[in-house]
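User: Please go through the strand pairing and helix packing of the structure below, giving the reasoning with each answer.

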Amino acid sequence: MTDQAAPPAPDVDTSAIQEIARGVYVITDRRVPLVPNIGIVLGDKSALVIDTGMGNANGRAVLEAAKKLAGDRELILTLTHFHPEHGYGADAFKGVAKIIYNKAQAAEFADKGQPYLDMFKGMGPAVAAALADTTLVEADELYDGAEHIIDLGGRTVLLKTWGKAHTRGDQIVFIPDCKVLFTGDLAEEKTFPIFPWFPPDDMDIDGANWLKVLDDCLKLTPVIVVPGHGDIDDEAILTDVRDYITDVAAKVKTAAAAGKSEDEAIADLGPSIRAAHPSWHFPEWIDFAIRYFYAQKA
Ligand SMILES: [Zn+2]
């Protein structure tokens, strides 16, 4: 995706599991690139898995961890969005768990699933190996509209989408009884937000809607926020991302209005944006955000 050094093996380590609220578990990403935070939520009757990690071996490991916790509960899998490191282990769950996506997410996966598999396989030998035996599988059930509530038995979970933001079909998962929010890549912790702006192949980002998503997520008053990547924290994860996107959008608008070219805007703004977030990871995403907002100026 970028020309940085090849990333290490994107292995999910299921021993890095912790219970963050009653019956809510996270297999943490340990800040390994291309490993997401993965959720397992237990109800009385069913267990919901949120994201799988990348590739069949990771998917199988997550499935085993979920089975261990779930016992004889029915298993349900949902994904925060279609990106490979979040959902390309779903084949391990096919036929074992009921797989649920929103319609936009399924359509985006149908359009881009294979191109993204090919692109990620080009990101170095470790990533290619993880994805070598990946089969792209479809959901068993799609929901239409902005919300879908799943009754796990004794507790409900809310799946919610706002349409295009970080991708075309991002979805959050919120557990009202403990106010835990899983954000996917709509919010990463101490990480420059990923703007997958790859014109003309992928331009499915909506920065303004992304800000609305973050505001609406704040209105849910989450107590614990599980970001797509990075450490678990509170709503500060949401406000940090919101403030970053707002700031970059404003700065690019000013630069464009002053007649700067796209490359001049990047040269002018990139270093100061980087310097303003010294502890954040993956600064290579700053330029993608600048290019995205520059393209919106017209
Ligand atoms: Zn993503």
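**Strands and helix contacts**

In this predicted model, strand S6 (residues 98-102) has four of its five residues buried, so S6 is largely enclosed by the rest of the structure.

User: Which residue stands opposite threonine 78 in S6?

Analyst: Strand S5 (residues 74-78) is joined to S6 by three bridges, and the two run parallel. Threonine 78 has its opposite number in S6, namely isoleucine 100.

User: What is the bridge partner of tyrosine 101 in S7?

Analyst: S6 also pairs with strand S7 (residues 141-143), in the parallel sense and over three bridges. The bridge partner of tyrosine 101 in S7 is leucine 142.

User: Which strands stand at the edges of the open sheet of five strands, and why is one side of each left without a neighbour?

Analyst: The order in this open sheet is S8-S9-S10-S11-S12, with mixed pairing. Neighbouring strands are turned by 20 degrees against each other on average, direction ignored. Each edge strand has a single partner strand, so one side of each lacks a neighbour in the sheet; the two are S8 (147-151) and S12 (224-226).

User: Which residue in S9 stands opposite histidine 148?

Analyst: S8 and strand S9 (residues 156-160) run antiparallel and are joined by five bridges. Opposite histidine 148, S9 places leucine 159.

User: Are H5 and H6 roughly parallel or roughly antiparallel to each other?

Analyst: The axes of helix H5 (residues 207-219) and H6 come within 10 Å and cross at roughly 155 degrees. Angles over 145 count as roughly antiparallel. H5 and H6 are therefore roughly antiparallel.

User: How many nonpolar, polar and charged residues are in the contact of H5 with H6?

Analyst: The crossing of H5 past H6 is left-handed. H5 contributes Gly207, Trp210, Leu211, Leu214, Cys217 and Leu218, while H6 contributes Leu238, Val241, Arg242, Ile245, Thr246 and Ala249. By class these residues are nine nonpolar, two polar and one charged.

User: What is the orientation of H6 to H8?

Analyst: Helix H6 (residues 236-257) and helix H8 (residues 285-295) pack with their axes 9 Å apart, at an angle of about 55 degrees. That angle makes H6, relative to H8, oblique.

Key:
Residues numbered from 1 in each chain as written. Predicted model: local features only at pLDDT ≥ 70, side-chain atom pairs only at ≥ 80, totals over all residues. Axes fitted to C-alpha atoms, helices over the stretch in contact; angles between N-to-C directions. Parallel < 35°, antiparallel > 145°, perpendicular 65-115°, else oblique. Pairing = 2+ DSSP bridges. Buried ≥ 20, exposed ≤ 12 C-beta atoms within 10 Å, placed from the backbone. Left-handed = near helix turned anticlockwise from the far one by under 90°. Contact = placed C-beta atoms within 7 Å. Nonpolar A, V, L, I, M, F, W, Y, C, P; charged D, E, K, R; others polar.
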